[in-house]
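Thanks for coming. I have one structure to go through today, and I will start with the whole chain before turning to a few places inside the fold. Please have a look at it first.

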Amino acid sequence: MAQVTIQNVVKRYGQVQVMHGVDVDVGDGQFVVLVGPSGCGKSTLLRMIAGLEAISGGTISIGGRVVNDVPPKDRDIAMVFQSYALYPHKTVAENMGFALKIKGAPKREIEAKVRKAAAILDLEKYLDRYPKELSGGQRQRVAMGRAIVRDPQVFLFDEPLSNLDAKLRVAMRVEIKELHQRLKTTIVYVTHDQIEAMTMADKIVVMRDGRVEQIGAPLDLYDNPVNTFVAGFIGSPAMNFVHGRIEAGPEGVVFAAEGGARLPLGERAAEIGRAATYGIRPEHIDIGPGGVPARVSVLEPTGSETQVFAKVGKDSLDAVVKDRIAARPGEEISLRIDTRRVHLFDRETGQRL
């Protein structure tokens, strides 16, 4: 196990700079997820940790040793890629032990480590099979087993679940988290799926355009996003955003939306007259008397809950309610907003107020 320290890392391709002074600390034994939209630089950063991409500036340390110029094979890391990259002509056991064989490890040691990894991943009965005889989830477990047998200081995962179907992704998320709890090895995991990030990580690094937007525990990012980008990226369904201005009225301080609605702010202090963006998560909106008048646009029942898309003035709000509701599209309803959960952001910069 080892700490990974990324300090002021820069990456350029010719005259084009794609990473802009990234700083990330991964504690010994932590599960850290790099998350962000496509093109944000998360996979590039992971490849720089692995040594597959040269860095243009800054330092990367693994276990206290600067590895800027250390070849990938000498960094004591193991990487699991998006594609399984298994040898089709080799059995599961041969695939898992191949890296040790190349290093010249004794046959008995290879067999022992393969059996141990197979037991961890529930692959013992598949050791004599070939990749074509396995399901997608089993192949991904073989790829993970190939990394485990090397007993590295750091595991690097590059979107390993993106090729799996939805049900299998959920099962593999649990397996990877259980694997981390058993091995207690440092993991850096890249994904564009914020649900994976929220459910698996000890710490999340949210990236955009080669920069770190925010770092924190999953629920810290959910409860206290620093800007509208993080607020909109973390959480599913995404946070509602309404543009407008903070005003004082007969009902107290309210948010006057550009679309005409007046949204509650509760007892929170706010700068009267300031242009802002009002943020509220769908799960913090309920349906009941005394709320904001709205008109139903679309209902999406999922069984355990109902997602309601409604028009409030000219703006749209998305609510998630636990009860099954009888409203139909076009009907008037009342949306009750939990004002304790309202977020306000600067209209121009998007930063949290």
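**Overall layout**

The protein chain has eight helices and 19 strands. Keep in mind that this is a predicted model. Along the principal axes, the C-alpha atoms fill a box of roughly 80 × 45 × 30 Å. Of the 353 residues in the chain, 49% are buried. The accessible surface comes to about 17000 Å², and carbon and sulfur atoms account for 49% of that surface.

If we take contacts between residues at least 6 apart in sequence, 66% of them join residues at least 24 apart. As for charge, there are 47 positive and 44 negative charges, and their mean positions are 5 Å apart.

On annotation, the unreviewed UniProt entry assigns "domain: ABC transporter" to residues 4–234. That span is 36% helix and 26% strand, and its end C-alpha atoms lie 24 Å apart.

Next, the interior. In soluble globular proteins, nonpolar side chains tend to be buried together. Here the largest nonpolar core has 47 residues, and Met96 and Tyr189 have the most contacts inside it. Which helix gives this core its largest share? It is helix α4, residues 136–148, with five residues. A second, separate core has 29 residues, among them Ile6, Leu34, Leu45 and Val190.

**Helix α2 and Met96**

Helix α2 runs over residues 92–102, and its buried residues are Val92, Asn95, Met96, Gly97 and Leu100. An α-helix has 3.6 residues a turn, so residues three or four places apart point the same way. The cover over the buried residues of α2 includes α3, residues 107–120, and α4.

Leaving aside residues up to four places away in sequence, Met96 touches Val114, Ala117, Ala118, Leu123, Leu127, Val142, Gly145, Arg146 and Val149. After α2 comes Gly104, which has a positive phi, near 85°.

**His180**

The last stop is His180, in helix α5, residues 166–183. Is His180 buried or exposed? The cut-off for buried is under 20% relative accessible area. His180 has 8%, so it counts as buried. What does His180 touch, beyond residues up to four places away in sequence? The list is Gly29, Gln30, Phe31, Thr185, Ile187 and Asp202.

That is what I have; questions are welcome.

Conventions: Residues numbered from 1 in each chain as written. Predicted model: local features only at pLDDT ≥ 70, side-chain atom pairs only at ≥ 80, totals over all residues. Heavy atoms only, no water. UniProt positions renumbered as here; feature names shortened; annotations may be inferred. Helix = DSSP H or I, 4+ residues; strand = E, 2+ residues; numbered from the N terminus. Buried < 20%, exposed > 50% of the residue type's maximum accessible area, 1.4 Å probe, protein only. Contact = heavy atoms within 4.5 Å. Areas by Shrake-Rupley, 256 points an atom, 1.4 Å probe, with all protein chains shown as cover. Lys, Arg positive; Asp, Glu negative; His and termini not counted. Charge placed at Lys NZ, Arg CZ, Asp CG, Glu CD. Core = buried A, V, L, I, M, F, W, Y, C linked by side-chain atoms within 4.5 Å.
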